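Please look over the model below before reading my notes.

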Amino acid sequence: MNEQNNKKANILCWISLVCAFGPWVLWMVTDKLKDVAAENLIGEALGIICNVADALSLFGWLAALVLMIYVRIKYPRNVFGKILMVLYIIVIILVILFIVFMYIMCSTFVSGCESCIVELRGCDS
Amino acid sequence: MNAISPYSVTFVSAFIVSFAVVFLLLKKRGVPTNYIGYSILLNVVLILYGGKMFTVVTRGFQISIFTAGFSGLGGAIGLLMGIWIFGKIYPKGRTSLWETYVTVLPLLYGISKFGCYLVGCCHGIPYEGPMAVCYNSQYMKGGPYFPVQLMESIAFLGIFLASILIYLRGNRRNLVPVIMILCAIAKFSLDYLREEHLGKILSANQLVCIEFFLWGIITLRKNRNKIHEA
């Protein structure tokens, strides 16, 4: 890979990194705004703005992933791209483990050992 | 400690089974292994994002994406976006990617709908005939309901079986639009049997189904014109 391509790939990797971790700042802001929204007259409108910001922040993460994949396919020898790939895979695994942990600990979406179906009617009903 | 919900188990199983099938089919088509891995990574994330985003948008951003429930149809939109993006990055494999992922889409949807049937979410209209189902869990109490989720599972698994047979035979020219049309018809008609649909003429799900249907018809016409031109 020539120097110019390597430079281009590195720039894309930096943009990807900003897209991935920039939204964390947005989450911190929306978190504070949600507290304000709870005790304010314009709470509902503020709440909607926070929800739009949450959705956009995750969109940033998607853009980061797309850029990383683009670099890995177009510039496969770029080292920064390889590091980014490992980093994102680790983050995704940690997020999945966190969700599984939360499901088990908080009993959210957990409905007990028995099947949820208590009655299945046959043709005789 | 409580047991894990059957919904989560079915949901995860749907992903594992479907992406294993995608991997085998794409490998057979000669797509490099690392490229298959990248496409799966992107599509899994986009399915989850699309599924949650659809719920947020249809509720007018009244709920956060982090607490929103998952919509299967939104997940399907996410997957189609993922295939489109990956096709732009890797144009050589565009056709293989579209044909393979769209063939497996009904399998993914069919298995995950079975999870809804077990838990009771997206349940059917009140009904007391054969196969009516009642729920009594922490998550859902009520019934008897029409087992619409089970019907959706059966319909989509049927579409998958028919599609995979055509896929393996190699006659794939119109496979993508035909699957999209069949899925749109199945989802559109079964949506009338959901309790959530009562009192509505067309639900948000059905509006998306109409778009999928029209897209399928337009693609079929384009394919036919291409044959005539050739």
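The points below cover a helix pair, one serine and the cavities.

1. Ground rules. This is a predicted model, where local features need pLDDT of at least 70 and side-chain atom pairs count only at pLDDT 80 or more, while totals for chains, interfaces and linings use all residues. Residues are numbered from 1 along each chain as its sequence is written, chains are lettered from A and ligands numbered from 1 in the order in which they are written, and side-chain values use heavy atoms, with hydrogens and water left out.

2. The helix pair. Take helix α5 (residues 148–169) and helix α6 (residues 175–191), both of chain B. They pack at an angle of about 170°, and their axes are 10 Å apart. That makes α5(B) roughly antiparallel to α6(B), a label given to angles over 145 degrees. Helices here are DSSP runs (H or I, at least four residues), numbered from the N terminus.

3. Who touches whom. Contact means heavy atoms within 4.5 Å. From α5(B), the residues in this contact include B:Met151, B:Phe156 and B:Ile159. From α6(B), they include B:Ile179, B:Leu182 and B:Cys183. By class, the contact has 13 nonpolar, one polar and two charged residues.

4. A serine in α5. B:Ser153 sits in helix α5 of chain B. Is B:Ser153 buried or exposed? B:Ser153 counts as buried because its relative accessibility is 3%, and buried means under 20% relative accessible area (1.4 Å probe, protein chains only). Leaving aside neighbours within four places in sequence, B:Ser153 is in contact with B:Gly110, B:Lys113 and B:Phe114.

5. The largest cavity. A cavity is a set of points on a 1 Å grid where a 1.4 Å probe fits but cannot get out, and its lining residues have an atom within 4 Å of a point. The count comes to two cavities of 30 Å³ or more. The largest has a volume of about 120 Å³. Its lining includes B:Phe156, B:Cys183 and B:Lys187. α6(B) gives the most to this lining, with four residues. By class, the lining has 11 nonpolar, no polar and one charged residues.

6. The second largest cavity. This one holds about 30 Å³ of space. Among its lining residues are B:Ser18, B:Phe19 and B:Tyr101. Which elements give two or more residues to this lining? They are α1 (6–28) and α4 of chain B. The largest share, four residues, comes from α4(B). By class, the lining has seven nonpolar, one polar and no charged residues.

Definitions and conventions. Axes fitted to C-alpha atoms, helices over the stretch in contact; angles between N-to-C directions. Parallel < 35°, antiparallel > 145°, perpendicular 65-115°, else oblique. Nonpolar A, V, L, I, M, F, W, Y, C, P; charged D, E, K, R; others polar. Buried < 20%, exposed > 50% of the residue type's maximum accessible area, 1.4 Å probe, protein only. 1 Å grid on protein atoms, 1.4 Å probe; cavity = no way out; pocket = protein on both sides within 12 Å on 5 of 7 lines; lining within 4 Å. Points joined across faces, edges and corners; volume = space filled by probe spheres on them.
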